[in-house]
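Good morning, colleagues. Please turn to the sequence and the structure, which I would like to discuss in two parts.

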Amino acid sequence: MRTLRVSAAAIGVMAALCRPAAAIDILDRIVAFTEDRVRQASVGKTDGPAPLRIGLMLPADGEFREPAERLTRGWKIAIALSDGIVANRPVQIVPGDTANSPVVAVQAAIDMMRAGPVDVFAGVIGADVARAMAIFADKADRPVVLAGAIGEGVMSGACSSRVVRTSFNIGPYQTTAGKFLAGKYRTAVTLAPDADGGPMLVRRFADAYRAAGGKVVEQAWAPPGRNYDWSGWIARLSASGPTMIYAIFDERNAERLVYAHSRAGLKGRVALLGPEWMFGPRTLDRRGAHAAGLRFLTAYLPTSPSPANSGFVAAYRATFNESPDLYAYLGYENALSVLLTAAELEGKTDDAEKFIATLKALDYTGLMPRGAFTFNATGSAGLSRLYWVEAQRVDGETVLEELASVPVAPDRSTCSVRQAGTTRQPS
């Protein structure tokens, strides 16, 4: 029996949002709430049960600081909705600063375990850190549940029974984007950093774009470690007359790109597109007037009317006074999968392999903001669709209007099972 405790406030919010006629009671699905167990846990106890300690591995500073903060917010919402209790164990987040470095991340994890038991390691942004934490999982025999590492090679190396990824594989995302956008914009230039996976992301997009009939006029690469003059880049890349500039940046660079594109007067003539992290809160909220009218594909739509998403968005907005973005919902799904698994195991998390196997086998129907939530052969939670949206300004706030739903190309990635010194593909 799952035994997460839910606060009265959370029950009120969720009950108000869920449709009475819905076939699934969202509260029952999330927590299977049992008053007797909670009452028993609070009577006659002098020393309470050991906390459920979650090592949340995220960078505290640097280029991923803001995404890490929003991912952490998603965790906080999931914990708040359970009132911080799982199977009578209080949930304790132990932050681990990865500094976006594999070496630093592993050392932080080791230091955590020396200071006290860690039930599960979660979070993680960045492919290199994720791969290092996967190796650590096998060495330390602790489950690692990745949230923000969407790189194509993260889960396609050696298979691990102690690692799972609640986020998706970026490969099918980019392939789907290329195919879809070729039907709307026939010529394109691409712009991406010449580092940190930029070439791979562009290649996945460009190959699918060309295969669907689009023409890539130019591919431009921005050198790392530079303060870019985006107005100059925009002017040069638009001079060849493409119908689309497909850019792969995030946070400050994305915000400045959107601003430069708008100031250049290119709206309606040369579209600016890219993966959804180009158009996160920093861009849409801080450059709202300049972002208005932009269209892009996104894996997550805050206005999706499902009870699971409505409850998450309401709680997030009430707490942080803004709508959740990609990183926030990835953090929430990461947290919810961990908490549900710990509850399903009645708080017994000592067997890392059993924890991961249980997490992958749970039925998440009606629980996750993105909708369908199942794991593929490599242990990634695949995407079933992307949303084609337009950013609009309504009463001083940026909202996303859904224009179409786009099925995502199947994720056919595999991982290799190492056995007796050999490597073979899983059957």
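This is a predicted model: local features need pLDDT of at least 70, side-chain atom pairs count only at pLDDT 80 or more; totals for chains, interfaces and linings use all residues.

Where in the chain is Asn-169 found? Asn-169 belongs to the loop that links strand E7, residues 163-165, with helix H7, residues 170-182.

Let us consider what its side chain meets. At 3.1 Å, the side chain of Asn-169 reaches the backbone nitrogen of Gly-171. The side chains of Asn-169 and Asp-411 are also joined, by a polar contact of 3.2 Å. If we set aside neighbours within four places in sequence, the residues in contact with Asn-169 are Ile-150, Gly-151, Glu-152, Asp-411 and Ser-413.

I turn now to strand E8, residues 187-193. Of its seven residues, six are buried, so E8 is largely enclosed by the rest of the structure.

Which strands pair with E8? One is E9, residues 215-222, which runs parallel to E8 and is joined to it by seven bridges. Between these two strands the chain passes through helix H8, residues 198-211, and this β-α-β crossover is right-handed. Another partner is E10, residues 244-247, also parallel to E8 and connected to it by four bridges.

Note on methods
Residues are numbered from 1 along each chain as its sequence is written. Side-chain values use heavy atoms; hydrogens and water are left out. Buried means under 20% relative accessible area, exposed over 50%, partly exposed in between (1.4 Å probe, protein chains only). Two strands pair if DSSP finds at least two bridges between them. A crossover is right-handed if, with the strands pointing away from the viewer, the path from the first strand over the helix to the second runs clockwise. A polar contact is a pair of N or O atoms within 3.5 Å; within protein, one must be able to donate a hydrogen and the other to accept it, and residues adjacent in sequence count only if both atoms are side-chain atoms. Contact means heavy atoms within 4.5 Å.
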